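Hi everyone, and thanks for coming. I'd like to walk you through a structure that may be new to you, so please have a look at the screen.

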Amino acid sequence: MADILRPYGIMLNGAPMGLIKRNARLELDVPSNPFVVQATIDWCSSLPLDVPAGDAPLTLRVSNTYGIWKANWAIKHAADTYLTLDLVAP
């Protein structure tokens, strides 16, 4: 709920790849070699996620780590872990 009206940015190897809104999907062509993906919003982000090499489709999920009640605290004190990026399915 903390970020309900704002999209998350998706970075691949440090390059912006697109924006994703709540409960939406963003499909990207990604390299078959290892890469790093990261989610961002304003000046906050997730930790970088190292994705191993492979040709199988991947599903990632991005969410607010701290929720609505701790969002203001997290923006000031934990900006690099404000978002959580998880590999859901290989």
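Let me start with a question: by class, how many nonpolar, polar and charged residues does the lining of the largest pocket have? Keep that in mind for a moment while I say that what you are looking at is a predicted model.

Now for the count. The lining of the largest pocket has 26 nonpolar residues, along with five polar and eight charged ones. The space in this pocket comes to about 1000 Å³. There are 39 residues that line the pocket, and the closest to its centre are Ile-20, Leu-26, Thr-59, Leu-60 and Arg-61. The largest share of the lining is from S6, with six residues.

As a piece of background, nonpolar side chains in soluble globular proteins tend to be buried together.

Setting aside neighbours within four places in sequence, Leu-83 is in contact with Tyr-8, Ile-41 and Val-62, among others. The list for Leu-83 also includes Ser-45, Ser-46 and Leu-47, and we will come back to some of those serines.

Next, strand S1. On the pairing side, S1 and strand S2, residues 15–20, run antiparallel and share five bridges. Within S2, Leu-19 is the bridge partner of Gly-9, and Gly-18 is the bridge partner of Ile-10. S1 also pairs with S3, again in the antiparallel sense, over four bridges. There, Ile-10 has Ala-39 as its bridge partner in S3.

Now for a couple of backbone details. Most residues other than glycine have a negative phi. Which value does Asn-13 take? Phi of Asn-13 is positive, near 50°, and this residue is not a glycine. Asn-13 sits in the loop between S1 and S2, in a hairpin with two residues between the strands. Asp-42 is another non-glycine residue with a positive phi, about 50°. You will find Asp-42 in the loop between S3 and S4, and with a relative accessibility of 53% it counts as exposed, because the cut-off for exposed is over 50%.

Back to those serines, as promised. Ser-45 lies in strand S4, while Ser-46 is in the loop between strand S4, 44–45, and S5. Are they buried or exposed? Buried means under 20% relative accessible area, so Ser-45 at 12% counts as buried, and Ser-46 at 1% does too. Not counting residues up to four places away in sequence, Ser-46 touches Gln-38, Ala-39, Asp-80, Leu-83, Thr-84 and Leu-85. With close sequence neighbours within four places left aside, the contacts of Ser-45 include Thr-40, Ala-79, Thr-81 and Tyr-82.

That brings us to Thr-81, our last stop. Thr-81 is in the loop between helix H1, 67–77, and S7. With 23% relative accessibility, Thr-81 counts as partly exposed. Again leaving out residues up to four places away in sequence, Thr-81 touches Ser-45, Leu-47, Thr-65 and Tyr-66. And how far from Arg-6 is Thr-81, going by the C-alpha atoms? The two are separated by 17 Å, and they are 75 residues apart along the chain.

Methods:
Residues numbered from 1 in each chain as written. Predicted model: local features only at pLDDT ≥ 70, side-chain atom pairs only at ≥ 80, totals over all residues. Heavy atoms only, no water. Contact = heavy atoms within 4.5 Å. Pairing = 2+ DSSP bridges. Buried < 20%, exposed > 50% of the residue type's maximum accessible area, 1.4 Å probe, protein only. 1 Å grid on protein atoms, 1.4 Å probe; cavity = no way out; pocket = protein on both sides within 12 Å on 5 of 7 lines; lining within 4 Å. Points joined across faces, edges and corners; volume = space filled by probe spheres on them. Nonpolar A, V, L, I, M, F, W, Y, C, P; charged D, E, K, R; others polar.
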